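Please examine the structure shown below.

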Amino acid sequence: MADSLAVVTFRPQRARKVAIGAAIAVVIVFTAVSFGLTGSTGEGKAVFQRGDQTAMIGLGIAFAAGILLFLRPRVDADDKGIRIRNVIGSYDLPWEVVRAIRFERGVSFAGAELHDDELVTIVALQIVDKEYALDGVRALRALLAAHQASATPAPSEPAEPGTPITPAEAG
């Protein structure tokens, strides 16, 4: 059985680097464009003002904040269950509801297959992270297998043919 203190945590690696770089680039570009907003608007008597430049920088910061949402994905698991945080939405699942951890060829993200046939995407484990993602899937599968092994009841003796089943045994 897994150590009760064993906690695994995984976050996407490459996507984090790309998101941080893209957010910085967006702020720099919007700031550079804001300094170009001077003088006449091109037609009419309107003129760019300091507020227009500030608004352009503010838009750059807002877009960068949206890009930084891609830093949010994370998966944590221990012997009790798995906590999945994606870009939008989070799931806190006990191992009892998880059937398998899947990561199939041609699929970009790992997933937690539930007993009700739902598949919860684990954005933190992405194919672009290669070995890191495989290590994460292996760790989650090991925790799931340890839980399933500890939760499997001992096999009971089969009933004799023709022996009636009591209501307590039936359900």
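Strand S6 (residues 109-114) pairs with S7 in the antiparallel sense over 5 bridges; strands here are DSSP runs of E with at least two residues, helices are runs of H or I with at least four, and both are numbered from the N terminus. Two strands count as paired if DSSP finds at least two bridges between them. Across this pairing, Glu 113 stands opposite Leu 119 in S7. The model is a predicted one, in which local features need pLDDT of at least 70 and side-chain atom pairs count only at pLDDT 80 or more, while totals for chains, interfaces and linings use all residues. Residues are numbered from 1 along each chain as its sequence is written, and side-chain values use heavy atoms, leaving out hydrogens and water.

S6 and S7 belong to an open antiparallel sheet of 3 strands in the order S5-S6-S7. Strand S5 (98-102) and strand S7 (119-126) are at the edges; each has a single partner strand, so one side of each lacks a neighbour in the sheet. From one strand to the next the twist averages 20°.

Another open sheet is formed by 4 strands, in the order S1-S2-S3-S4 and with antiparallel pairing. Its edges are strand S1 (8-10) and strand S4 (90-94), each with a single partner strand, so one side of each is left without a neighbour in the sheet. Here the twist from one strand to the next averages 10°.

Within this sheet, S2 and S3 form a hairpin with 3 residues between them, and 4 bridges join the two antiparallel strands. Val 75 has Ile 84 in S3 as its bridge partner. Strand S3 (residues 81-85) also pairs with S4, over 5 antiparallel bridges. There, Ile 82 has Leu 93 as its bridge partner, and Gly 81 stands opposite Pro 94. The hairpin of S3 and S4 has 4 residues between the strands, and Gly 89 in that hairpin takes a positive phi near 100°.

Helix H3 (residues 131-151) lies across S1, strand S2 (74-77) and S3, at about 150° to S1. H3 also lies across S5, S6 and S7, at about 160° to S5. Contact means heavy atoms within 4.5 Å; axes are lines fitted to C-alpha atoms, for helices over the stretch in contact, and angles run from 0 to 180 degrees between N-to-C directions.

Elsewhere, Ile 24 is placed in helix H1 (residues 14-36).
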